[in-house]
Amino acid sequence: MAKILIVDDSETMIEGHKAILEGLGHTIYSAESGEEGVEKAIEILPDLILMDIVMPKMNGFQATRKITTDDRTKHIPVVILTTKDQKTDIMWAKRQGAKGYLIKPANKKELASTIDQLLEESNK
């Protein structure tokens with residue numbers, strides 16, 4: 001299956017989503033800040049990244065922009081996974097290069113469907 005990087009400053013959210021995704025057969029990596037997420041994206045080159053927005057120092061929008069504009073990582077689909085549900089947040093995420101946007105906590109079916117669709121698109 002796929003290598004997925006979860007970037008979130010909440011260990012509880014990381015563990016919850018990790019359990020779902022490992023249950024679906026994916027290999028999960030995690031980072032607890034935007035900076036660490038960018039570094040791990042370059043190091044691991046995951047197949048997909050789940051990115052929180054609200055994090056200290058470098059937020060998810062900033063990290064997404066760095067990942068989606070870096071030649072080494074711009075091919076990796078980023079899905080924003082956040083509690084922020086305003087249309088302006090969704091629009092801004094897409095302007096930073098995000099390919100998907102899910103509201104926390106995402107249910108298993110929605111998470112699996114989004115990931116499967118983006119992985120399929122990126123493998124074309």
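## Crossovers around strand 4

Strand 4, helix 4 (residues 87-95) and strand 5 form a right-handed β-α-β unit. This is a predicted model. A right-handed β-α-β unit is also built from strand 3, helix 3 (residues 60-69) and strand 4.

## Strand pairing

Strand 4 pairs with strand 3 in the parallel sense, over three bridges. Here Ile49 stands opposite Val78 of strand 4.

Strand 4 also runs parallel to strand 5 (residues 100-103), and four bridges join the two. Ile80 has Tyr101 of strand 5 as its bridge partner.

## Burial of strand 4

How many of the five residues of strand 4 are buried? Five of the five are, so strand 4 (residues 78-82) is largely enclosed by the rest of the structure. Buried here means under 20% relative accessible area.

In a regular strand, side chains alternate between the two faces of the sheet. In strand 4, Val78, Ile80 and Thr82 point one way. Val79 and Leu81 point the other way. Residues of both sets are buried.

## Nonpolar core

The largest nonpolar core has 19 residues. Which of them touch the most other members? They are Leu5, Val7, Ile49, Met51, Ile67, Ile80 and Ala93. Two or more residues each come from strand 1, helix 2 (34-44), strand 3, helix 3 and strand 4. Helix 3 gives the largest share, three residues.

Ile49 and Ile80 are among the core members with the most contacts to other members. Ile49 is the residue opposite Val78, and Ile80 is the bridge partner of Tyr101.

## The cavity

The structure holds one cavity of 30 Å³ or more.

What is the make-up of the lining by residue class? Six residues are nonpolar, one is polar and two are charged. In strand 4, Leu81 is buried and points the same way as Val79.

Conventions: Residues are numbered from 1 along each chain as its sequence is written. This is a predicted model: local features need pLDDT of at least 70, side-chain atom pairs count only at pLDDT 80 or more; totals for chains, interfaces and linings use all residues. Side-chain values use heavy atoms; hydrogens and water are left out. On a 1 Å grid over the protein atoms alone, a cavity is a set of points where a 1.4 Å probe fits but cannot get out, and a pocket is an open set with protein on both sides within 12 Å along at least five of seven lines; lining residues have an atom within 4 Å of a point. Grid points are joined across faces, edges and corners, and a volume is the space filled by probe spheres set on the points. Ala, Val, Leu, Ile, Met, Phe, Trp, Tyr, Cys and Pro count as nonpolar, Asp, Glu, Lys and Arg as charged, and the others, Gly among them, as polar. Buried means under 20% relative accessible area, exposed over 50%, partly exposed in between (1.4 Å probe, protein chains only). Two strands pair if DSSP finds at least two bridges between them. A crossover is right-handed if, with the strands pointing away from the viewer, the path from the first strand over the helix to the second runs clockwise. A nonpolar core is a set of buried Ala, Val, Leu, Ile, Met, Phe, Trp, Tyr and Cys residues joined through side-chain atoms within 4.5 Å.
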